[in-house]
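Here is a short briefing for a first look at this structure. Look at the chain first, then read on.

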Amino acid sequence: MKLLVVGGAGYIGSHTVRQLRAAGHGVVVLDNLSSGHAEALTNGVELVRADLLDYPSVKAALEAHKPDAVIHFAALIEVGESMRAPARYYRNNVVGSLNLLQAIVDTRKVPLVFSSTAAVYGTTDAVPIPEDAAMQPESVYGETKLMTERMIHAFHTAHGLPYTILRYFNVCGAAPAGDIGEAHPSQSHLIELACMTALGQREKMMIFGEDYDTPDGTCIRDYVHVQDLADAHVLAVEALNAGKTDAATYNVGLGHGFSVKQVLDAVDAVVGTPLDREIAPRRAGDPPRLVADATKIVQELGFAPQFTDLQEIVQTAWNWHKGHPHGFEK
Ligand code: UFG
């Protein structure tokens, strides 16, 4: 197949591009490079530098490259920032996605795979969380993803657009080769921050709350390796192309969780020295447990994650950060 990967120069996008190429698919990336990196695209993958808010450019890219399907990663992703700058998030994530949907139905009406998030659920009592759990996002970021999910469904109903929505849990790790990985302008994710601390770029690790109703008192998350998540996109787009699915939504996670302390213990073991830790107050908006019920993607798409050992997951992140202490900057 030939895929247009929107936001393909970002963290999850670039790993997915690599797995798509490994599976024998052709790829063209459309990215505005606001947070992505052209350096993350290896093996001569073509990059179209364009912004989803620029409808004519998006339509022109679809007409020029004639993809068989589109995978859409492009979004602003910081929960805290989304609360401080909602207009930016609604415009970029919702209006941008609307332009993409419109351009798809105005041109080739090819299937769409969309990257959504566990943030659409908000705080829920369900553990693990099934796809049909109530959706009450607690952040503008989660709200923009839910709004986009609903737009996609409306385009399916009105125009027959086939789609698959993937709701990611906590994405982490890096390509085992160590040459691409997480490189965001503002780091906020636990494993990434722990690696920066181990590199001496931060003084210590803060543990946001030790008084949760969990076995060790810290929050539990479902950490899915970015390469496994990338493989989930390959499975999703191939199932859409084969007509096996046409309006599906899947959680992507391992189906079990690790606590903040377990993650930090794994980082200590991988790095070889214990990081300084300090117990801090709870972070606003953190639910105690977020674990995917991943049964549906396993059964329907044959999702079979390779990275299930926490230390192995952390090792890939550490290899990337150690080799690239300033991300893609020299
Ligand atoms: N944490 C710490 N110290 C830190 C950083 C994080 O204790 O320095 C804790 C957090 O409080 C949380 C856990 O580590 O309990 C994981 O935090 P992350 O920031 O790594 O990830 P989140 O669970 O907040 O975020 C993830 C995705 C978001 C998505 C969200 C849905 O990365 O994109 O889940 O709730 F929106």
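A salt bridge here is a side-chain nitrogen of Lys or Arg within 4 Å of a carboxyl oxygen of Asp or Glu. The side chains of Asp179 and Arg18 meet that description, with N and O 2.8 Å apart. Asp179 sits in the loop between strand 7 (170–172) and helix 6 (190–198), and Arg18 sits in helix 1, so this pair ties together parts that are 161 residues apart in sequence. Keep in mind that the model is predicted.

**Where the domains meet**

- In contact across the boundary are 35 residues of domain 1 and 37 residues of domain 2.
- The size of an interface is often given as the accessible area lost when the parts come together.
- Between them, domain 1 and domain 2 bury about 3,300 Å².
- Carbon and sulfur atoms carry 64% of that buried area.
- Three residues stand out on the domain 1 side: Tyr223, His225 and Tyr250 supply 24% of the area that domain 1 buries against domain 2, more than any other three residues.

- Domain 1 and domain 2 share one salt bridge.
- Arg18 and Asp179 form a salt bridge through their side chains, at 2.8 Å from N to O.
- Polar contacts between domain 1 and domain 2 come to 13 residue pairs, with both residues at pLDDT 80 or more.
- On the side of domain 1 that touches domain 2, at least two residues come from each of helix 1 (11–22), strand 10 (223–225), helix 7 (226–241) and strand 11 (247–252).
- Helix 7 gives the most to that side, with seven residues.
- By class, the side of domain 1 that touches domain 2 holds 18 nonpolar, 12 polar and five charged residues.

**Around the ligand**

- The ligand is surrounded by 20 residues.
- The closest are Leu190, Met206, Arg221, Arg283 and Asp286.
- For Arg221, a side-chain N or O atom is 2.8 Å from an oxygen atom of the ligand.
- His189 places a polar side-chain atom 2.9 Å from an oxygen atom of the ligand.

**Salt bridges overall**

- The structure holds 11 salt bridges.
- The pair of Asp179 and Arg18 described above is one that meets at 2.8 Å.

**Backbone details**

- What is the form of the peptide bond from Val127 to Pro128? This bond is cis, with omega near -10°.
- Pro128 is in the loop between strand 5 (112–117) and helix 5 (140–159).
- Leu33 is not a glycine, but its phi is positive, near 60°.
- Leu33 belongs to the loop between strand 2 (26–31) and strand 3 (46–49).
- Lys109 also has a positive phi without being a glycine, at about 50°.
- The loop that holds Lys109 runs between helix 4 (86–106) and strand 5.

How values were computed
Residues numbered from 1 in each chain as written. Predicted model: local features only at pLDDT ≥ 70, side-chain atom pairs only at ≥ 80, totals over all residues. Heavy atoms only, no water. Contact = heavy atoms within 4.5 Å. Buried area = accessible area lost by both parts, 1.4 Å probe. Polar contact = N/O pair within 3.5 Å; in protein donor to acceptor, adjacent residues only side chain to side chain. Helix = DSSP H or I, 4+ residues; strand = E, 2+ residues; numbered from the N terminus. Nonpolar A, V, L, I, M, F, W, Y, C, P; charged D, E, K, R; others polar. Near = heavy atom within 4 Å.
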